[in-house]
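Visitor: I'd like to learn how to read this one feature by feature. Could you walk me through it?

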Protein chains: 2
Amino acid sequence: MLEQENTEEKILNAARKVFTSKGYAAARMDDIAKEAGMNRALIHYYFRSKDKMFQIIFEEKFRIFFLSISSVLTSDNDVKEKVVNLIRMYFEQLIENPDLPLFIINAVNASPENFIKLTNKLNVSPKEAFKSFHIQVQKEVEEGKIRNIKPYVLILNILSLSIFPFIARKMFMNINNISETEYFEILENRIEDVINMVLNDLIIDNNKLKDSK
Amino acid sequence: MLEQENTEEKILNAARKVFTSKGYAAARMDDIAKEAGMNRALIHYYFRSKDKMFQIIFEEKFRIFFLSISSVLTSDNDVKEKVVNLIRMYFEQLIENPDLPLFIINAVNASPENFIKLTNKLNVSPKEAFKSFHIQVQKEVEEGKIRNIKPYVLILNILSLSIFPFIARKMFMNINNISETEYFEILENRIEDVINMVLNDLIIDNNKLKDSK
DNA sequence: TTATTATTTAACAATATTGTTAAACATTTA
DNA sequence: TAAATGTTTAACAATATTGTTAAATAATAA
């Protein structure tokens, strides 16, 4: 009988699950204890308080979420390559971790100070990564490599198309009566569409629009 | 001295504000009372319990959110017109109500039964609206009016590009050190970009892509 | 084996949050 | 005006949730 995970791991796994699906306020220490198959006192023995546990999970998730973005944004590739990498990377990461974005957004909304503290504490700087991408976009616009697009607009488009489907997935599944598996298949098949749409939007082309009149 | 709003309105306004910004679990009856400038007992006198109050606010917001979508989706327009209307409508609505999508998504995630109950109770049926749009898209694809795109993909693209920027706005503002006013300006200027991008993606065009090789 | 240490639990304590009530105060109406 | 009704509050009660402790059990080291 391979009992693999020890108590500490069991607790962390349970906490991860409960916190990411319910968020801090709605999570109960008892939910975590039950999920881990043990007594509430035990999780206090291992991790002092709810706050401390949440902090651990949040840091971990925060790292996962921003480290990969940052690495793509600050790589050596040009803008179009980064666009492709970002979209693929998000999809792969979020298919494994569908609750991640909502968890992080809610946590940051609930206490923005925490976000600021963490970006300082960890050697992950979304601010810097975004800024350097911003500059690169402006440069490529000036060089005529891509159309004249505002960096913020491009970033927002990529993030929106990649992340939103995971944020709204339960509602979407509900409205359209489809299972998570089916939904993820739709998303998987959608990746190339998204890539094409964003890349297309970067092409310098004078006569492709305004034909509706 | 025009004292306009009565106690009941004061409470509802406060509840609206607190619930939509914090969500059910993190909201405190005391937050609402303070926001309304009164005693906690008074809000119980008017609205029995926290659950009941939340239900009122949720129904209201749910209606606002889905009524306008449904009306656009089930109108007489063709797909391209609907795309334009949807994107404009979302922007106008969310600029007034930026917390709306996150509030609804979190509430639906927390209790999907509630969502189902409400769609039945109210004469608002996102399910039907989505379905009819779905069929219309397939029809226009067959007629050659728009490119061969999966209805789900189109809907997801529109919703993503329109809604996500509001969901992630606090994080985005934080990362890029910009105020809400500045951010909303960026979004305002982005509308036409989004419309163009989505419409462009619907055009039947054989030689606009795959030029990167 | 026995002593020591780590793990686990049940029972308890403290705090936070919601909900109630009786009495004070204000407003309406007879 | 006085009775009746509606509004508001402070104080209290009940419940939910987190956190602690002492004692039992298991694991480890001497």
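Guide: Let's start with the chain-chain interface, bearing in mind that this is a predicted model. Here 38 residues of chain A are in contact with 38 residues of chain B.

Visitor: Which elements give two or more residues to the side of chain A that touches chain B?

Guide: On chain A, those are helix 6 (100-110), helix 7 (112-121), helix 8 (126-142), helix 9 (151-167), helix 10 (169-176) and helix 11 (180-200). Helix 9 of chain A gives the most, with 11 residues.

Visitor: How do the residues on that side of chain A divide into nonpolar, polar and charged?

Guide: The side of chain A that touches chain B has 24 nonpolar, eight polar and six charged residues.

Visitor: And how do I describe the way two copies are arranged?

Guide: In general, a rotation about an axis and a shift along it relate two copies of a chain. The same surface serves both copies, as 100% of the contact residues of chain A recur in chain B.

Visitor: Let's go inside a chain. How many helices and strands does chain A have?

Guide: Chain A has 11 helices and zero strands. Read along the sequence, the pattern is α-α-α-α-α-α-α-α-α-α-α. As for extent, the C-alpha atoms of chain A fill a box of roughly 70 × 45 × 35 Å along the principal axes.

Visitor: What describes the packing of two helices?

Guide: The angle between their axes, plus the distance between the axes. Take helix 4 (residues 50-73) and helix 5 (residues 79-96) of chain A: the angle is about 165° and the axes are 9 Å apart. Since angles over 145 degrees count as roughly antiparallel, that makes helix 4 of chain A roughly antiparallel to helix 5 of chain A. Their crossing is right-handed.

Visitor: Which residues of helix 4 and helix 5 of chain A meet?

Guide: From helix 4 of chain A you have Ser68(A), Val72(A) and Leu73(A), and they meet Lys82(A), Asn85(A), Leu86(A), Met89(A) and Gln93(A) in helix 5 of chain A. By class, that contact has four nonpolar residues, three polar and one charged.

Visitor: Now the DNA. Which residues come nearest to DNA strand D?

Guide: Of the 16 residues around DNA strand D, the nearest are Ala41(A), His44(A), Ser49(A), Thr7(B) and Ala41(B). The surface near DNA strand D has six nonpolar, four polar and six charged residues.

Visitor: And which residues are closest to DNA strand C?

Guide: DNA strand C is surrounded by 16 residues, and the closest are Thr7(A), Ala41(A), Ala41(B), His44(B) and Ser49(B). At least two residues each come from helix 3 of chain A and from helix 2 (29-36), helix 3 and helix 4 of chain B. The surface near DNA strand C divides into six nonpolar, four polar and six charged residues.

Conventions
Residues numbered from 1 in each chain as written. Chains lettered and ligands numbered in written order. Predicted model: local features only at pLDDT ≥ 70, side-chain atom pairs only at ≥ 80, totals over all residues. Axes fitted to C-alpha atoms, helices over the stretch in contact; angles between N-to-C directions. Helix = DSSP H or I, 4+ residues; strand = E, 2+ residues; numbered from the N terminus. Parallel < 35°, antiparallel > 145°, perpendicular 65-115°, else oblique. Left-handed = near helix turned anticlockwise from the far one by under 90°. Contact = placed C-beta atoms within 7 Å. Nonpolar A, V, L, I, M, F, W, Y, C, P; charged D, E, K, R; others polar. Near = placed C-beta within 6 Å.
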